[in-house]
Amino acid sequence: IDGSAASAWVGFRRGLLTNLLNPKVIVFYVALMPQFLGDAPAFGATLLLSAIAAGVCLVWFVLVANVVGALRRLFTRRAVRRSMDAVTGTALVALGVGVAVSRS
């Protein structure tokens, strides 16, 4: 395996481990799954719903990874990075100001 394929597998394993150990994901699915299952769900129904959720997540992450990989050259340009930093910084400051001036 060449270096790029090895680094892709390393990235895949790290991302998979990060998602599997993310407590927010666990809480989300524990809170969400029972709403789509009956009072006494069969093992097969639970397994099918879990497989569908895993399949949707897999498709989404593959799509995101491919889009980011295709746009890698664009994202590494200094001007683009500065622009993205400016936009996200402005959004965070605006969010902070909004929270500061809001009344509870």
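The largest pocket has 23 lining residues, and Leu 16, Asn 19, Cys 57, Leu 58 and Phe 61 are the ones nearest its centre. Helices H1 (3-20), H2 (23-36) and H3 (43-70) each give two or more residues to that lining. This is a predicted model: local features need pLDDT of at least 70, side-chain atom pairs count only at pLDDT 80 or more, and totals for chains, interfaces and linings use all residues. Residues are numbered from 1 along each chain as its sequence is written, and side-chain values use heavy atoms, with hydrogens and water left out.

**Exercise 1.** Sort the lining of the largest pocket into nonpolar, polar and charged residues.

Step one: apply the classes (Ala, Val, Leu, Ile, Met, Phe, Trp, Tyr, Cys and Pro are nonpolar; Asp, Glu, Lys and Arg are charged; the others, Gly among them, are polar). Step two: count, and you get 19 nonpolar, four polar and no charged.

**Exercise 2.** Check whether the length of H2 agrees with its residue count.

Start with the rule: the expected span is 1.5 Å times one less than the number of residues. H2 has 14 residues, so it should span 20 Å. Now look at the end C-alpha atoms: they sit 21 Å apart, which agrees.

**Exercise 3.** Take residues 42-71, listed by UniProt as "transmembrane region" in an unreviewed entry, and describe their fold.

Keep in mind that such annotations may be inferred rather than shown by experiment. Next, get the content: this stretch is 93% helix and 0% strand. Finally, its end C-alpha atoms are 44 Å apart.

How values were computed
On a 1 Å grid over the protein atoms alone, a cavity is a set of points where a 1.4 Å probe fits but cannot get out, and a pocket is an open set with protein on both sides within 12 Å along at least five of seven lines; lining residues have an atom within 4 Å of a point. Helices (H or I, at least four residues) and strands (E, at least two) are DSSP runs, numbered from the N terminus.
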